[in-house]
Amino acid sequence: MKFPGSVLVSLSLFVAETAAALCLSGAYRAAGDRMWQWLTLLFALLPCALVQLSLVFIHRDVSRDRPLVLLLHLLQLGPLVRCVEVFYIYFHAGRVEEPYVSITKKRQMPKDGYSEEIEKEVGQAEGKLCTHRSAFSRASVIQAFLGSAPQLTLQLYICVLQQEITAARSIFMVLSLLSIVYGALRCNILAIKIKYDDYDVSVKPAAYLCIFMWRSFEIATRVTVLVLFSSVLQIWTLPVVLVNFFGFFFYPWILFWQSKSPFPENIEKALSRVGTTIVLCLLTFLYAGINMFCWSAVQVKLNDPDLINKSQNWYRLTVYYMLRFIENAFLLLMWYIYKTDIYLYVCAPLLVLQLLIGYCMAVLFMLVFYQFCHPCKKLFSSSISEGLLSCFKFLCFICKPPKSRLTDKAEVKSENTDEARSSSKTIDSQKGNPHQSVSSNA
């Protein structure tokens with residue numbers, strides 16, 4: 001039975017970030033900055049409430065007679081109770097013989113084209129620990145992108161405006177960045193385990209390192225670009241954020257309406273149609289929040305029973321990173337044009353170059369992960385290098401002007417006609433040879 005280290009890491013980040021937010025809001029109150037105080041509290045308490053809601057929903061505490069646990073969740077102490085329960089189960093596992101076990105069948109990764117199926121006995125304790133790990137993984141994603149990401153953006157924005165980085169604020173920003181990167185990492189691992197549920201997936205340390213570096217560069221550069229742009233063009237910050245957010249929020253719903261599939265009703269039996277709609281809206285809300293800052297490894301598909309798109313779509317990945325790079329470059333260009341006197345001692349061209357290189361480094365680590373370190377790379381129908389090459393060919397064909405397309409098509413047609421003529425001549429010559437031989441014999 002694996003040690004529940006992911007639960008301990010999630011709880012540590014949750015408690016540390018919440019405590020740091022409360023201390024920093026108290027410092028803002030003492031300094032008389034009421035607006036920064038209330039925004040810091042808002043970005044700290046809203047994800048706390050959503051984390052409690054997700055833990056209660058996954059463990060189905062509403063339908064069970066557990067009033068004390070529900071009360072502790074209302075007091076925002078749910079993760080602490082769940083962590084104590086996890087370690088109680090872990091240290092007491094194996095002492096008492098379990099009345100029954102369930103048998104799971106998993107397939108190994110293909111070796112030389114063959115994949116063996118392995119049966120494994122899973123006891124009640126291990127099943128409960130698996131449920132707790134899954135719940136804490138989802139809670140970490142919610143905490144990261146609905147709390148830590150806005151919090152990090154806010155605190156960095158305050159540092160830029162006040163031209164001062166205090167010790168408390170720097171510690172808080174480091175904790176927020178670690179929380180976001182860890183949430184993105186858990187999102188990647190969840191996506192892999194959901195897509196390849198039939199296989200026994202084991203993630204190696206090199207894969208964790210690649211994901212950590214990939215997400216660190218991507219999120220740090222994205223937050224910095226948003227803060228720089230918003231510090232000089234406050235009026236245009238809201239339209240940029242709303243277009244990004246609502247674009248990703250409505251994208252799964254548009255695909256769902258286009259598919260004309262029936263409304264999904266198998267999420268939870270106890271939920272009504274209204275409750276199911278609320279859960280789906282919260283899911284797409286989280287999906288939009290993730291894509292605001294980084295690529296979401298989990299693609300929402302509302303007409304699928306698992307609500308997840310399990311196909312590996314290299315085209316969507318390529319388009320996302322190309323558009324995000326163009327958007328970051330455009331926002332940096334606007335910052336460079338309209339920068340104010342607070343950036344008087346900042347080398348603007350060097351900063352722009354560093355941020356663009358940082359985003360390229362994130363893409364590089366992402367390519368290394370999918371090409372060499374992905375635990376299920378043997379199951380890919382095509383490697384990421386082949387997929388990206390086909391994507392670039394397709395995009396180059398789209399970007400070509402119509403005249404060049406017509407000339408390319410004419411050249412292809414002429415080549416085809418030349419080949420057809422040459423083949424017909426060879427056929428005629430082959431047909432003519434027997435007649436020549438017959439006439440010579442005669």
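Modeller: Let us start with contact, which means heavy atoms within 4.5 Å. By that criterion, and not counting residues up to four places away in sequence, Gln-299 touches Tyr-287, Leu-307, Ile-308, Asn-309 and Arg-316. This is a predicted model, in which local features need pLDDT of at least 70 and side-chain atom pairs count only at pLDDT 80 or more, while totals for chains, interfaces and linings use all residues. Residues are numbered from 1 along each chain as its sequence is written, and side-chain values use heavy atoms, with hydrogens and water left out.

Colleague: Why is Gln-299 called buried?

Modeller: Buried means under 20% relative accessible area, exposed means over 50%, and partly exposed is in between, with a 1.4 Å probe and protein chains only. Gln-299 has 6% relative accessibility, so this residue counts as buried. Gln-299 is found in the loop between H9 and helix H10 (314-338), and its C-alpha atom is separated by 8.0 Å from that of Tyr-287, 12 residues apart along the chain.

Colleague: What makes a stretch count as a helix or a strand, and how many of each are there in the protein chain?

Modeller: Both are DSSP runs numbered from the N terminus, a helix being H or I over at least four residues and a strand being E over at least two. The protein chain has 13 helices and two strands. One of the helices is H11, residues 348-373, where Ala-348 is found.

Colleague: Is Ala-348 buried or exposed?

Modeller: Ala-348 has 3% relative accessibility and therefore counts as buried. Leaving out residues up to four places away in sequence, Ala-348 touches Trp-335, Tyr-336 and Lys-339. The C-alpha atoms of Ala-348 and Leu-332, which are 16 residues apart along the chain, are separated by 9.5 Å.

Colleague: What makes Leu-226 count as buried?

Modeller: Leu-226 is at 11% relative accessibility, so the label buried applies. Leu-226 lies in helix H7 and, with residues up to four places away in sequence not counted, touches Phe-293 and Leu-331.

Colleague: Which label does Asp-33 receive, and why?

Modeller: Asp-33 counts as partly exposed because its relative accessibility is 25%. Asp-33 is found in the loop between H1 and H2, and, leaving aside its neighbours within four places in sequence, is in contact with Tyr-28 and Gln-162.

Colleague: What is the label for Gln-163, and what is its phi?

Modeller: Gln-163 has a relative accessible area of 54%, so this residue is exposed. The place of Gln-163 is in the loop between H5 and H6, and its phi is near 55 degrees, a positive value in a residue other than glycine. Most residues other than glycine have a negative phi.

Colleague: What makes a space a cavity rather than a pocket?

Modeller: On a 1 Å grid over the protein atoms alone, a cavity is a set of points where a 1.4 Å probe fits but cannot get out, whereas a pocket is an open set with protein on both sides within 12 Å along at least five of seven lines; lining residues have an atom within 4 Å of a point. A search of the whole structure finds four cavities of 30 Å³ or more, and the largest cavity holds about 110 Å³. Volume here is the space filled by probe spheres set on the points, with grid points joined across faces, edges and corners.

Colleague: Which residues line the largest cavity, and what are their classes?

Modeller: Among them are Ser-10, Phe-14, Gln-143 and Tyr-182. The lining has eight nonpolar, four polar and no charged residues, where Ala, Val, Leu, Ile, Met, Phe, Trp, Tyr, Cys and Pro count as nonpolar, Asp, Glu, Lys and Arg as charged, and the others, Gly among them, as polar.

Colleague: How does the lining of the second largest pocket divide by class?

Modeller: That lining has 20 nonpolar, five polar and no charged residues. The second largest pocket has a volume of about 750 Å³, and of its 25 lining residues, Phe-43, Pro-150, Thr-153, Val-241 and Phe-293 lie nearest its centre.
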